[in-house]
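Thanks for coming, everyone. I'll walk through one model, starting with a single residue and ending with the whole chain. Here it is.

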Amino acid sequence: MRFTLSTTYYALASATAALAAPGQVTPRQGVPFQTTPITDFAEPWALAFLPDQRILVTEKGGALRLVDPTTRSKGNIVGVPRVQYGGQGGLGDVVLHPQFAENSLLYFSYAEPGDASQAGAVVARARLMLNANGGGALEGVEVLWRQSSKYTSQGHFGHRILFGTNSTMWISSGERQQFNPAQDMSTNLGKIIRLNDDGSIPEGNPFAGQGGVAAEVWALGIRNPLGIDLDEQGRLWEIEMGPRGGDELNLIQQGGNYGWPIVSQGDHYDGRDIPNHETRPEFIAPKAYWVPVISPASMIIYKGNMFPRWRGNALIAGLGAMGLVRVEISGDTAREAQRMSMGRRIRCIRESADGALWVLEDGPGGRLLRLTPA
Ligand SMILES: [Ca+2]
């Protein structure tokens with residue numbers, strides 16, 4: 001028995017050493033969870049848990065659905081504003097206010113239509129009024145934040161929302177495939193944004209003295225950020241899609257510049273080189289990166305007890321990875337530890353209060369799945 005354990009340990013240590021080399025990650029099979037399908041959706045994008053354990057699910061086309069996972073019934077929440085649907089755009093994230101039980105405030109993001117097929121991400125809030133028939137309505141919809149400019153591009157909205165302490169919220173704002181705005185403090189594209197829950201500027205934002213949208217900015221040099229979460233120390237982690245190669249997991253620092261589009265471990269799609277991070281040490285390098293890409297669509301830092309060995313790990317929903325990617329975080333280093341193939345592009349991952357994992361498959365007919373230990 002002792003020999004077996006040692007052998008296993010040696011094998012794991014060897015695999016870990018092999019994984020440590022940048023860009024040399026080898027996918028490993030095996031899914032240590034059982035999967036319970038709940039129901040399916042039209043291009044689901046995000047989910048959020050109500051206090052009664054029912055689940056809100058956004059569909060990219062603009063529908064907000066309410067699911068009872070015990071009966072698997074699906075209702076509708078009416079009153080969602082019109083969204084610009086197409087490409088990566090549409091209805092996006094959905095998050096409850098930390099005091100939702102008292103104020104019923106729901107926060108959500110979407111691609112807002114502009115002139116001539118242009119769109120830009122916005123974050124809005126509304127009061128969620130539930131009815132007795134498994135549905136409800138949004139009342140008093142109020143847009144709290146907008147990306148600075150609208151574009152005909154249908155990509156790189158980002159627009160994930162996360163509440164931190166003191167009811168401040170983070171918004172991940174993509175660079176709308178425009179590149180240089182990520183370094184331009186006169187626009188809020190390609191940034192990590194920090195606001196109060198009413199959209200006003202909180203104390204402590206690093207560029208508040210510059211005024212304008214710079215006052216919203218917490219960090220810059222960001223490309224297409226699709227996952228943000230806090231770890232148990234309160235540190236903010238962000239995952240973003242890179243260009244050809246170069247998906248990044250970043251530890252976000254107040255006022256930090258992450259270098260896009262000046263540096264990337266990846267290169268342009270047309271083959272042109274983008275200098276790697278080590279050439280420009282003034283920009284903060286990612287804690288982990290992927291070449292080839294995993295196409296990260298969502299991320300949590302796991303805090304539950306159902307998968308106790310994963311506590312403090314980043315769990316990433318991968319589109320290209322066709323499953324989940326688990327990253328171990330130790331101090332301020334991060335390293336891919338496991339790739340769990342699910343055979344489908346995974347759009348969103350969230351953790352319920354009991355520590356179970358819930359994921360949404362991407363695309364038409366994408367299912368909501370509950371993952372529990374095997
Ligand atoms: Ca490069």
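Start with Ser295. Ser295 is buried, because 21 other C-beta atoms lie within 10 Å. Buried here means 20 or more other C-beta atoms within 10 Å of the residue's own; exposed means 12 or fewer, partly exposed is in between, and C-beta atoms are placed from the backbone. Ser295 is not a glycine, yet its phi is positive, about 55 degrees. It sits in the loop between S17 and S18.

Two notes before I go on. This is a predicted model: local features need pLDDT of at least 70, side-chain atom pairs count only at pLDDT 80 or more, and totals for chains, interfaces and linings use all residues. Residues are numbered from 1 along each chain as its sequence is written.

Helices (H or I, at least four residues) and strands (E, at least two) are DSSP runs, numbered from the N terminus.

Most residues other than glycine have a negative phi, and most peptide bonds are trans. Ser104 is another non-glycine with a positive phi, about 60 degrees. Ser104 lies in the loop between helix H2 (100-103) and strand S7 (105-113). Ser104 counts as partly exposed, because it has 16 C-beta neighbours inside 10 Å.

Now the cis bonds. Val291 to Pro292 is cis, with omega near 0 degrees. Pro292 is in the loop between S17 and strand S18 (296-301). A cis peptide bond also joins Trp260 and Pro261, with omega about 0 degrees. Pro261 falls in the loop between strand S16 (247-252) and strand S17 (288-290).

Next, a sheet. Four strands form an open sheet in the order S10-S11-S12-S13, with antiparallel pairing. Strand S10 (158-163) and strand S13 (217-220) are the edges, each pairing on one side only. Two strands pair if DSSP finds at least two bridges between them. S10 and S11 are antiparallel and joined by four bridges. One of the partner pairs is Phe163 with Met169 in S11. S10 and S11 make a hairpin with four residues between them, and Asn166 in the turn has a positive phi of about 60 degrees. Further along, strand S11 (residues 168-173) and strand S12 (residues 191-196) pair antiparallel over six bridges. There, Thr168 stands opposite Asn196 in S12. What about burial in S10? Five of its six residues are buried.

On to the core. A nonpolar core is a set of buried Ala, Val, Leu, Ile, Met, Phe, Trp, Tyr and Cys residues joined through C-beta atoms within 7 Å. The largest one has 92 residues; Cys348 and Leu315 are among the members that touch the most others. Strand S8 (residues 119-130) gives the most to this core, with seven residues. Glu336 lies in strand S21 (residues 333-341). Glu336 counts as buried because it has 23 C-beta neighbours inside 10 Å.

Finally, the whole chain. How many helices and strands does the protein have? Two helices and 24 strands. Its radius of gyration is 20 Å, close to the 21 Å from the globule rule for 374 residues, so it is as compact as a globular protein of that length. That radius is taken over C-alpha atoms, and the rule is 2.2 Å times the number of residues to the power 0.38. Of the 374 residues, 44% count as buried.
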